[in-house]
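Subject: Structure handover

Hello,

Here is the structure I promised to pass on. Please open it first, then read my notes below.

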Number of protein chains: 4
Amino acid sequence: MYSSEKPIRIVLIGGSGYTGLETLRWLERHEAAEVVGLFGSSNIGPIDEIHPMLSGQTNLTQQPYSPQAVAECNADLAMLCVPHKVAMSYVPDLRALGLRVIDWSADYRLADAAVYEQWYCPHTDPAGLADAVYGLPEFFADKIAGANLVANPGCYPTCAILAIAPLLAAGLIEPADIVVNAISGITGAGRSPSLAQHFPERNENFEPYKIASHRHMPEMEQVLATLSGKEPAVVFVPHLCPMDRGMLCSIYANPAGGATEEKLIETLQAAYADKPFVRVRTDVIPATKYVADTNFCDVTARLAKGKVMIFAAIDNLLKGASTQAIQNMNIMFGLKEDMGLY
Amino acid sequence: MYSSEKPIRIVLIGGSGYTGLETLRWLERHEAAEVVGLFGSSNIGPIDEIHPMLSGQTNLTQQPYSPQAVAECNADLAMLCVPHKVAMSYVPDLRALGLRVIDWSADYRLADAAVYEQWYCPHTDPAGLADAVYGLPEFFADKIAGANLVANPGCYPTCAILAIAPLLAAGLIEPADIVVNAISGITGAGRSPSLAQHFPERNENFEPYKIASHRHMPEMEQVLATLSGKEPAVVFVPHLCPMDRGMLCSIYANPAGGATEEKLIETLQAAYADKPFVRVRTDVIPATKYVADTNFCDVTARLAKGKVMIFAAIDNLLKGASTQAIQNMNIMFGLKEDMGLY
Amino acid sequence: MYSSEKPIRIVLIGGSGYTGLETLRWLERHEAAEVVGLFGSSNIGPIDEIHPMLSGQTNLTQQPYSPQAVAECNADLAMLCVPHKVAMSYVPDLRALGLRVIDWSADYRLADAAVYEQWYCPHTDPAGLADAVYGLPEFFADKIAGANLVANPGCYPTCAILAIAPLLAAGLIEPADIVVNAISGITGAGRSPSLAQHFPERNENFEPYKIASHRHMPEMEQVLATLSGKEPAVVFVPHLCPMDRGMLCSIYANPAGGATEEKLIETLQAAYADKPFVRVRTDVIPATKYVADTNFCDVTARLAKGKVMIFAAIDNLLKGASTQAIQNMNIMFGLKEDMGLY
Amino acid sequence: MYSSEKPIRIVLIGGSGYTGLETLRWLERHEAAEVVGLFGSSNIGPIDEIHPMLSGQTNLTQQPYSPQAVAECNADLAMLCVPHKVAMSYVPDLRALGLRVIDWSADYRLADAAVYEQWYCPHTDPAGLADAVYGLPEFFADKIAGANLVANPGCYPTCAILAIAPLLAAGLIEPADIVVNAISGITGAGRSPSLAQHFPERNENFEPYKIASHRHMPEMEQVLATLSGKEPAVVFVPHLCPMDRGMLCSIYANPAGGATEEKLIETLQAAYADKPFVRVRTDVIPATKYVADTNFCDVTARLAKGKVMIFAAIDNLLKGASTQAIQNMNIMFGLKEDMGLY
């Protein structure tokens, strides 16, 4: 059994970005986990030179990734904070070394390789894809517990699926014509500089992007189909909001099955009654600040003018990425689901 | 004829808030208009003590409002930047003095007093209401030219109506089931301090409010009905975005009449071909920064996954309030529509 | 000995503000401390209604403060996040109950009642004042360990003293003519709404305030005098910076004692060699983001053009208030100084 | 005489950055100036594709720079918004064409080529340097009026010199030991993306940079020496503040000549009595928001604890660059100094 005496031994691959940073910060607080190796393809060197805020908290050095170097770490788990395509070029080797894997990228999220290839690129690890489990703990905890390869969900899909799935499964909204209008803080765009995310271009600015063409749209549809047994059609429009972190989905759907506002709320409450990180709200409207720096998802529903409206908020870097991965880790290694996550 | 030699003489009532401030700044640049009196119910004194940025540009002093004091100004036009209910308590006197009036409040926007009273309070000036013209110049310029009382539109309705009206009138979207998901900068909440708009509560935060219950919703429906001859049903959900100014509507509607993306764009282009302040975009997606500090509205449309999506952006304080009022003034007094507005 | 089995029993008084909120969040993570009572004078009710982000993490309810109610908690420690003057009206009763006390306010920081009264108001607890220990752990850990009443330092003094004290004590800067030019995020202004901190007034704005007249100035001078045995004269000018949290002091002093940049850095390094929360920087210039959400103070020094320049950064709510108090608590109760503080 | 009938014909070189954008926006409002040519070395094409906010206001197209292309414009004035070194490679040709020139770069600001070369690079246009006039209109209007080549000042020097010069010249502060602690909005860093100005790195962050090593420091010293006849020593430390625009200098100096707060204020008032764009403040402390989007400089002085403190604020892109250039243009071409500048 893992504990502070015998912690989970983790190699983290990809420490340069924001999700790598958050993973390191939160694992530092985790009593039964230890990062024993840190690897990357660039920014080789002490991690506190890449992220000066980590100074004094860690002595980790990012080293060039190679399966050999990972092998020497004698680890239990590999966490991959690397881009898609890179991830699936590493995972087979890591699994061959006997490591369990949690992957932040999109490479193992879409069960159907053809759908993956339509939105991303040719898939090079069909065996991994066949074994992968979608890491949304509120719905797939049983499979995650035994998984060797967990595909950590996208930030937008996490937020949207937690909002929609229970109501769709309960038949309280129509599967057709679901609009997901979403906003994200700018950390969601990653850490590579670009004119679009240059401070004076992005500050005091709000704009839609990738209108109904974002790669997280098929991910939402696939998982919602799995969870509801229906064929949902989602129109997904993300927007960039001038703040560091936070994500909010405003979802519009058509009611079904005699939906009332009371039934909507009760259905959400029932779905998340024993889930520590989803807070079903009634009076408080979800807002990004209430979930910032936490692993919580806040969700509520309204019915007015013949429309079901669902609002959900998460921290895009945490429940949308890094702490959700730790939640998955806890489940995979038999720890309390919420260990180290407050 | 009005000119820099014989400017329009204006009394401005309500200089303490953000719309009052912007009106004063922009009128300063206007070659054929002059503020000859400034009145308010509080913050009596030099206006540059209330708004220190105006120092060196104006010597105006805000004086206690009374019809007598206004009468002595020998003005042509009264501009009212005061709250609803206050506005309709002033307007009859101002009109009795022979002044033409532009009113920023909601008091004269809803043609049907019963609808007004359902959303606001008892209406005390039915005569004014009967005479009032809705001041959206792109659609009502003819009536505005001869109007004695112009109801300057709400910020959200301005943005949403400019986006929706041409497509609804052309039969390219269904009147039922129109979702207006909107965001606004915080100046839209006015200048009175509150916990909700306290900097650390609002900064780095994004949240919906007044879900399908905002007073601008019936205003949108009324004007869209007038312009299209249909009975549109609008679900309107505003959100607060952590920035000073800017407004963006993301609108979702069902296609009709053989709508294609090309037809949608062409219809918008035709509607605004000779309108100086609506820019129909194709490649550029509307963003609030492109319209900040301007009187422009940017708009574009997309069709994907069976849904029409329309995006429109304005500066909530300018095209959504103060420069739109100046645009109305230009039309009322026979000046070039865009005078003083760049 | 305190531990997770026998935690320190804490009553927190004043949970409504930002420091109360942060204290609750961080104590939640602390393995050897437990909040057993929460009291206030307003906002009575479940704390997660006052701070919705706390929902799901705590069941605490803020109750009306009274010594009797506190007595029933059978607590070891009282933490006071209340304004000055209120604090000294509570502390005698709390001490009479046998509780040790950490006070966030200014009431017990200035050892000389006459100085206190010059800057604040009449002092009503001279006995407490005589017993109080100034809670800057890097310099007063020995006294803190045995203290019954700890005056948690002001945010600006924490930052400035950590920067200046070692260099002043070492004779590397002149005690006369020390300029502390400081900035703070807006949480430093508290949670009461005001026009000055209304979002659109404060956003995209930067301004000095209380020029050489802020109450933290005598606090700096007193503690620096104690630590150096000199009579420093500090000119302190704070500024408001449009961000939530973070504090940075840019300090200008005249060199003495053959100061070189190397000596300055070495002196800081020696002073903080075994202090877990002060990071002496060389290449990295302190910036607020590197210390945000941490208990760290980053500090460095430069010498150019005949001037010593010292730069220090903290999180105003954490090392400047709430986590510093927890650091003090750890020392008072014999725990590891950094327990629960990463 | 220039007027709206016979406007000044301007070629603008360098339209891609923020100062180019602001110049185009403000010249659009100017009744006696017209941009007849727009040139650059990159971003060739319609300027409203580079700056979408300009759409509908201008039909200008940025063309590849060449002296021949400029010659065909039959212009009166060349405005250069290009980096240093590039500027001095263009200016001789432009002057040979008979154009008067206003240059935004540093190439003609430092009268002594040796000083220039110490801070920048070898100087290639000594003839230009000999003819150039420093374009700070409050002090050099007479020379500017007749100048063929005006070096538009740096943003920090504009702000600092306007604050310091009158007091230094009047002998009310010591020339030695002047500390200029300054902050700037991020547009001051230009429009080229970098990790340092990537939104999530810069937002909610405040940090010093180029400590006592910024190139604007010798510029301040040179101009202050010219204006005062003294040899001032300035320690200049700039900081980056998370906002778009605005600059504030907090200046610390030692009093001289029997300085009192009253004398300091009176001296500033006398210096700027007939200067339209410097506002000497008494009760209002300068703040960046009061000068944002204006050509104003706000300034005030305090004396406390034996220190003179001067605070000055400008908009770094306007009085610190683009509108100051237009103010210079007005003076060069015999127009009213403040034409088109409100």
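The notes below go from chain A to the cores, then to one helix and one interface.

This is a predicted model, in which local features need pLDDT of at least 70, side-chain atom pairs count only at pLDDT 80 or more, and totals for chains, interfaces and linings use all residues. Residues are numbered from 1 along each chain as its sequence is written, chains are lettered from A and ligands numbered from 1 in the order in which they are written, and side-chain values use heavy atoms, with hydrogens and water left out.

Chain A. It has 13 helices and 15 strands. Both are DSSP runs numbered from the N terminus (helices H or I, at least four residues; strands E, at least two). The radius of gyration is 20 Å, close to the 20 Å from the globule rule for 342 residues, so chain A is as compact as a globular protein of that length. That radius is taken over C-alpha atoms, and the rule is 2.2 Å times the number of residues to the power 0.38. Of the 342 residues, 66% are buried (under 20% relative accessible area, 1.4 Å probe, protein chains only).

Cores. A nonpolar core is a set of buried Ala, Val, Leu, Ile, Met, Phe, Trp, Tyr and Cys residues joined through side-chain atoms within 4.5 Å. The largest has 185 residues. Val180(B) is among those touching the most other members. Its contacts (heavy atoms within 4.5 Å) include Ile164(B), Met220(B) and Phe236(B). A second, separate core of 178 residues includes Leu12(C), Leu27(C), Leu248(C) and Ala32(D).

Helix H10 of chain C. This helix covers residues 216-228. Its 13 residues should span 18 Å at 1.5 Å a residue, and the end C-alpha atoms are 18 Å apart, which agrees. The expected span is 1.5 Å times one less than the number of residues. Ten of the 13 residues are buried, so H10(C) is largely enclosed by the rest of the structure. Among them are His216(C), Met220(C) and Leu224(C). The cover includes helix H8 (155-169) and strand E9 (178-184) of chain C. Just after H10(C), Gly229(C) takes a positive phi of about 70°.

Chains C and D. Here 40 residues of chain D are in contact with 40 residues of chain C. The buried area is about 3200 Å², with 61% from carbon and sulfur atoms. Buried area is the accessible area (1.4 Å probe) that two parts lose on being put together, summed over both. Glu204(D), Phe206(D) and Lys305(D) supply 20% of what chain D buries against chain C, more than any other three residues.

Best wishes

Technical notes. Buried means under 20% relative accessible area, exposed over 50%, partly exposed in between (1.4 Å probe, protein chains only). Lists of a residue's contacts leave out its neighbours within four places in sequence.
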